[in-house]
Structures are given as structure tokens and as C-alpha cells.
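Subject: Structure for you to look at

Hello,

Here is the structure I said I would pass on. Please open it before reading further, as the notes below are meant to be followed with the model in view.

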Amino acid sequence: MFKALVLQQDDHQTVAQLQQIDEASLPNENIEVAVEYSSLNYKDGLAITGKGRVVRSFPMVPGIDFSGTVTVSSDKRFKTGDKVVLTGHGVGEKHWGGMAEKAKVSADWLVPLVDGLDTKQAMKIGTAGLTSMLSIMALEEAGLKPEQGEVLVTGASGGVGSVAITLLHALGYDVVALTGRIENSRSLETLGASRVISRDEMLLDNKPLDKQLWAGVIDTVGSHILAKALSQTQYGGAIAACGMAAGIDLPTTVMPFILRGVTLVGIDSVYCPYARRIQAWQRLAKLLPESFFEQACEQITLDQVPDYAEKILQGQVKGRLVINI
Ligand code: NDP
């Protein structure tokens, strides 16, 4: 038997409970992992509260990411004792996920833990941090360089936002943090933001083309804020759109694209190809300072997860939440 957080449907409501599960119920996949850490991402919040249609079948073990040690392998790419990391691939949505002492997954979904990180640090980064790195890689490929001007990060206090600020700062960018919680300004500056602006300021009148402020943008929230960021992006600048914390709509015009040559790049971490994942993890291991792991991450336990799932959807979580399994 092993301990897991289990989601069930009861009268169309999702109910999350800690349970002891028989090992025989684990999915029929080729790698078994003793999970050491998982993390709580926005998508986990949607899955655990049932507020998003993230989970397709019940019972489901949530947890879109985890790190741990291989205990059984019938795939030659991994052997017993290997330290591994899993993010995405529908785990915690379609396949049983990381919020359990044991997981059985396909070898295709795993990556080896890269040098320079331990399993706890890997989950302090987690899906959110991987997404931040992928967003920066996309902006670099669109031509972004530090000398071109300020880079805006929206949803700055959240998981993706806080890692993005830290990474951009480490790469020499001048970072502006956008937040609805201006009281977090001090910690955003400690992470590396050179200035902080309030969400209310950003939501003032929305013109198709506004003053050209940003050389690049990492947007984690979508909707009116992404529209405003597009209208304020410099000629030839680029935006990486990776999130929807404010909404899935995008009330914009074609003007930033056809008059300023702005590029809007979509970011998906779930099915990101293996080679790009490894490249992103290697860069994360090199770029994130020790101070990030100490200052921007909080550790919680499995039984605290349902409460924190509500909090993350209400925008009340700061930085990253690592779950000590
Ligand atoms: P968090 O909840 O940790 O952070 C989201 C942040 O957005 C909040 O901290 C808050 O920051 C801001 N925010 C919350 N509600 C609103 C709102 N109504 N309007 C404007 N801003 C708001 O989530 P994550 O960082 O884990 O994820 C951020 C987004 O990225 C989510 O939408 C998630 O689904 C998406 N995502 C996408 C991935 C991909 O592969 N494309 C992978 C991982 C995440 P503040 O208080 O500073 O304003």
C-alpha cells in the first residue's frame, strides 16, 4: 500500500482525499518511481478543485509534475536508482500523477535529473519554472537581447512569473514586474525586478497602439493584460504567451502585428520535445541562484494541498510551492 491524494467525483463535485492505495492499482506503465517531491501549479489547482475541466477520468491522482528515484524499469533508458523528473505529458490529468508516494509512468515522459540540481530543487522549479525557461528561449529565438530595453513579466508574484524574473535578471535583462499585489514589490525586486507596476495601471484605457515600452514580454495571465502588453510592445519586439490566470480571451487588434512587426509566440510545456526539455533543464540548473531556492519557494505536505489548491486559483500564492511527499 502507498499514500496518495485521490480525486473522486461526487454528485458532479470533485473531492480530494488522502488515501492508502494498493500497488496493484497503479497504471500499467514501464517505469515505477518512488516519488520524493511534487509541486503545486495553477493547473493542479484547477484539477484538484474541479474548477477547470482538467481531469477526464476518476479516480485520479493529481500532480502534473514530480521528481524521485526509479525503483522498477523495463525500459533500457532508465535503471533502478536513477534520479528522474517528470513534467506534463497529461500526467495528473489523463494519467495518474505525482501527488503520491509511488507513480508508474511511461519512460517516454521522463527526463534524467540534470547535473547541478537535486530532486527538491527540480520541483521548486517544476512545470512553472520549465515554462519560464521555455518562454525565454522563445523570446531569444525571436531576437530578444538585453540591450533592446525592458522586458515585462505579468503575474509576477506567481510561480511562472517569479522564476521568469529571476532568470531574466540572471541573463542581464532589465525586468519590469506587473502585479496585482503591489505589497509584494520588495520581494519582486529581490528576485531581480528593476521596477514594479500595478495591474490597475496596466488596465487603464486600452488603445490598439500605445506607447512602445517593452522589448519583450512573458505573459502568464492572458486577456486584457496580454492585449495591453501587445499594444505597448516595441517595434520588432516579441511576447511569449504561456498562461491564462486572468482569462482565456484576447481582446486585441492586428495593429501591433502589421504596424510594428510584433511577434506573439505560444508556449506549451506539456508536450515540449525531449531535446528542448533537456536544454531548458540544463539552463535552469546553471542560471538559478541559490537565493531563488531559499526565497521564492515554500514547502507544503500532501494534506495541505487541497487548501493551497484553492489559494493558487485565488492568486494568493507567492512564488513556488514544493510538496514533500
Ligand atoms: P500562479 O497562480 O502561481 O501565478 C499566477 C499569477 O497571476 C498570480 O500569482 C497573480 O500574480 C496573477 N493573477 C492571478 N489572477 C489574476 C487575474 N485575475 N488577473 C491578472 N493576474 C492574475 O500560477 P502559475 O505561475 O503556476 O501559472 C501561471 C499561468 O501559466 C497559469 O494560467 C497556468 O495555467 C499557465 N501555465 C502554462 C503552462 C504552459 O505550458 N503553457 C505551464 C505552466 C503554467 P500577481 O498577484 O503578481 O498579479
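In what sense do strand β11 and strand β12 pair, and over how many bridges? This is a predicted model, and in it β11 (residues 214–219) and β12 (residues 233–241) run parallel, joined over five bridges. One place to check this is I218, whose bridge partner in β12 is A240. As background, the strands of a sheet pair through backbone hydrogen bonds, and the pairing may be parallel or antiparallel.

**The six-stranded sheet**

These two strands belong to an open sheet of six strands, paired in parallel and ordered β10-β9-β8-β11-β12-β13. The edges are formed by β10 (193–198) and β13 (263–266); each has a single partner strand, so one side of each has no neighbour in the sheet. From one strand to the next, the twist averages 20°.

Helices pack on this sheet. Helix α2 (residues 119–141) touches β11, β12 and β13, and its direction makes about 150° with that of β11. Helix α3 (residues 159–170) lies across β8 (151–153), β9 (175–179), β10 and β11, and runs at about 160° to β8.

**Strand β15 and its partners**

Next, go to strand β15 (residues 320–324), where four of the five residues are buried. Strand β3 (residues 31–40) pairs with β15 in the antiparallel sense over four bridges, and S38 has I323 in β15 as its bridge partner. Strand β14 (residues 297–301) also pairs with β15, but in the parallel sense and over five bridges. There, C297 stands opposite R320 of β15. Between β14 and β15 the chain passes through helix α10 (residues 305–313), and this β-α-β crossover is right-handed.

**Two domains**

The domain assignment divides the chain into domain 1 (2–113 + 291–324) and domain 2 (126–266). Their C-alpha centres are 28 Å apart. How many residues of domain 1 are in contact with domain 2? There are 16, and they meet 17 residues of domain 2.

The size of an interface is often given as the accessible area lost when the parts come together. Between domain 1 and domain 2 the buried area is about 1100 Å², and carbon and sulfur atoms give 58% of it. On the domain 1 side, F292, K318 and R320 lose the most area to domain 2, together 37% of what that side buries.

**Backbone details**

Most residues other than glycine have a negative phi, and most peptide bonds are trans.

- H12 has a positive phi, near 65°, and is not a glycine. H12 is found in the loop between β1 (2–10) and β2 (13–21).
- S223, also not a glycine, has a positive phi of about 55°. S223 lies in helix α6 (residues 223–231).
- The peptide bond from F58 to P59 is cis, with omega near -5°. P59 is in the loop between α1 (42–49) and β4 (65–73).

Are H12 and S223 each buried or exposed? H12 has a relative accessible area of 74%, over the 50% cut-off, and therefore counts as exposed. S223 has a relative accessible area of 6%, under the 20% cut-off, and therefore counts as buried.

Regards

Conventions:
Residues numbered from 1 in each chain as written. Predicted model: local features only at pLDDT ≥ 70, side-chain atom pairs only at ≥ 80, totals over all residues. Heavy atoms only, no water. Buried < 20%, exposed > 50% of the residue type's maximum accessible area, 1.4 Å probe, protein only. Pairing = 2+ DSSP bridges. Right-handed = clockwise from strand over helix to strand, strands pointing away. Axes fitted to C-alpha atoms, helices over the stretch in contact; angles between N-to-C directions. Contact = heavy atoms within 4.5 Å. Domains from an automatic or database assignment. Buried area = accessible area lost by both parts, 1.4 Å probe.
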